[in-house]
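User: I would like to learn how to read the features of a model like this one. Please give the general idea each time, then the case at hand.

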Amino acid sequence: MSTYETYKAAFQGRQMPFAYVDLDLLDANIRQIVARAGGKPIRVASKSIRSLPILQRILAAGPALRGVLCFTAPEAVYLSRQGLDDLVIGYPIWHPAQVAAVCAEVREGKTIVAMVDSREHVAHLEAIACAQGVVLPVCLDIDLSTDFPGLHFGVWRSSIFTPKQALAVYRAIARSPHLRLDGLMGYEAQIAGVGDQVPGQRLRSALIRTLKRRSIAQVAERRARTVALLARHGARLRFVNGGGTGSLESTRAEPCVTEVTAGSGFFAPALFDHYRAFRHAPAAGFAVEIVRKPRPGIYTCSGGGYIASGATGPEKQPRPYLPPGARLLPLEGAGEVQTPIAYQGPVPLALGDPIFLRHSKAGELCERFNTLLLLRQDWIVDEVPTYRGAGLCFL
């Protein structure tokens, strides 16, 4: 693992702020994710990457990495036109122009799969696919959250909660001559995206682990019953997708699951430090420049306020990474134009020096930077564009 001194030397002379990816750590994370998937194919979640060259590098790392889970239709069309294929849009699309653009790629022989979880989705896509003269593949998205007394454990995602509800939507697909059911997806966010070993929160962490164990059993049972019911009524599923970085071990164990999804684990942002079952290397981060020293032990940096989405809380702030022991101040946090950092460690810091931080989430880092500096053995070996740097804004 690199030190503050080696990173500082590697980036000497670079204007800050900048973002980077350590390719040695990225490669290590890829190997670990492949091992954790236990032989099941891995669909890469592009939302957590948001840079075409990095996405291509991950997909080229080995045969286990195949296909992309996209987050919007325009992104899927863009990736298709860049030569990628087997693209599943992870969220429903509605705007007719976006659906028509997807249909145009399908007409050219590309595989882009639209997501549905209601008969309204089915009717809407059928009308547009009919007008475009194509058969559009679709994926059925099922809700895999778990309801405990007084607690909805999971995310509000699909309207399909039971196998019978899935069958009703499948029957609507089967009656639609311009749609074809290609796959089934269920995202167990309460397992994949919730840390279960949070420092200083032993009781909360123990409770989360208990809820996860109970939820894993319910998720597996509901997904298996849904797949079996659809099969009995004639469904031929090319893929059954599940999981995320935080649930690879439990999702791969389900016999009906044919592929797992991973995204955040490749960059390993700060929110993924708190899982008991695994620990990936911090492959991506950013640097801000010290421009003030208002008093001993306080270093004020330019910029840094790159806050993650979701329910607000201190865990959505970027986390100081190097030098070790640097921390945000609770009353200021990470600011839009300046971020004070408290540091009392042995590394001497001066005006113009960098502080390295990690974003709370993975892909959102790329929405703030045009390029990523690529490191190999603590040397900059390349600089590649993010979606933003390519002039793209998909959400």
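User: How many cavities of 30 Å³ or more does a search of the whole structure find?

Analyst: This is a predicted model, in which local features need pLDDT of at least 70 and side-chain atom pairs count only at pLDDT 80 or more, while totals for chains, interfaces and linings use all residues. Residues are numbered from 1 along each chain as its sequence is written, and side-chain values use heavy atoms, with hydrogens and water left out. A cavity is a set of points, on a 1 Å grid over the protein atoms alone, where a 1.4 Å probe fits but cannot get out; lining residues have an atom within 4 Å of a point. Grid points are joined across faces, edges and corners, and a volume is the space filled by probe spheres set on the points. The search of the whole structure finds two cavities of 30 Å³ or more.

User: What volume does the largest cavity have, and which residues line the largest cavity?

Analyst: Its volume is about 50 Å³. The lining includes Phe267, Pro269, Arg358, His359 and Lys361. For classes, Ala, Val, Leu, Ile, Met, Phe, Trp, Tyr, Cys and Pro count as nonpolar, Asp, Glu, Lys and Arg as charged, and the others, Gly among them, as polar. On that basis the lining of the largest cavity has six nonpolar, two polar and two charged residues.

User: What lines the second largest cavity?

Analyst: The second largest cavity, with a volume of about 40 Å³, has Asp143, Arg157 and Tyr187 among its lining residues. Its lining divides into four nonpolar, two polar and two charged residues.

User: In what order do the strands close into a barrel?

Analyst: Strands of a sheet pair through backbone hydrogen bonds, either parallel or antiparallel. Here helices (H or I, at least four residues) and strands (E, at least two) are DSSP runs, numbered from the N terminus, and two strands pair if DSSP finds at least two bridges between them. Eight strands form the barrel, in the order S2-S3-S4-S5-S6-S9-S10-S11, with parallel pairing. From one strand to the next the twist averages 30°, where axes are lines fitted to C-alpha atoms, for helices over the stretch in contact, and angles run from 0 to 180 degrees between N-to-C directions.

User: How many bridges join S2 to S3, and which residues of strand S2 are buried?

Analyst: Three bridges join S2 to S3, which run parallel; Ile42 has Leu65 as its bridge partner in S3. In a regular strand the side chains alternate between the two faces of the sheet. Strand S2 (residues 42–45) has Ile42 and Val44 on one side and Arg43 and Ala45 on the other, all buried (under 20% relative accessible area; exposed is over 50%, partly exposed in between; 1.4 Å probe, protein chains only).

User: How many bridges join strand S10 to strand S11?

Analyst: Two bridges link S10 (residues 239–242) with S11 (residues 259–262), and these strands run parallel. Gly242 stands opposite Val260 in S11.

User: Is Arg36 buried or exposed?

Analyst: Arg36, in helix H2 (residues 23–36), counts as buried because its relative accessibility is 7%. Contact means heavy atoms within 4.5 Å. Leaving out residues up to four places away in sequence, Arg36 touches Thr245, Gly246, Leu248, Glu249, Arg252, Phe278 and His280. One of these, Glu249, lies in helix H10 (residues 248–252) and is partly exposed, with a relative accessible area of 28%.

Notes. 1 Å grid on protein atoms, 1.4 Å probe; cavity = no way out; pocket = protein on both sides within 12 Å on 5 of 7 lines; lining within 4 Å.
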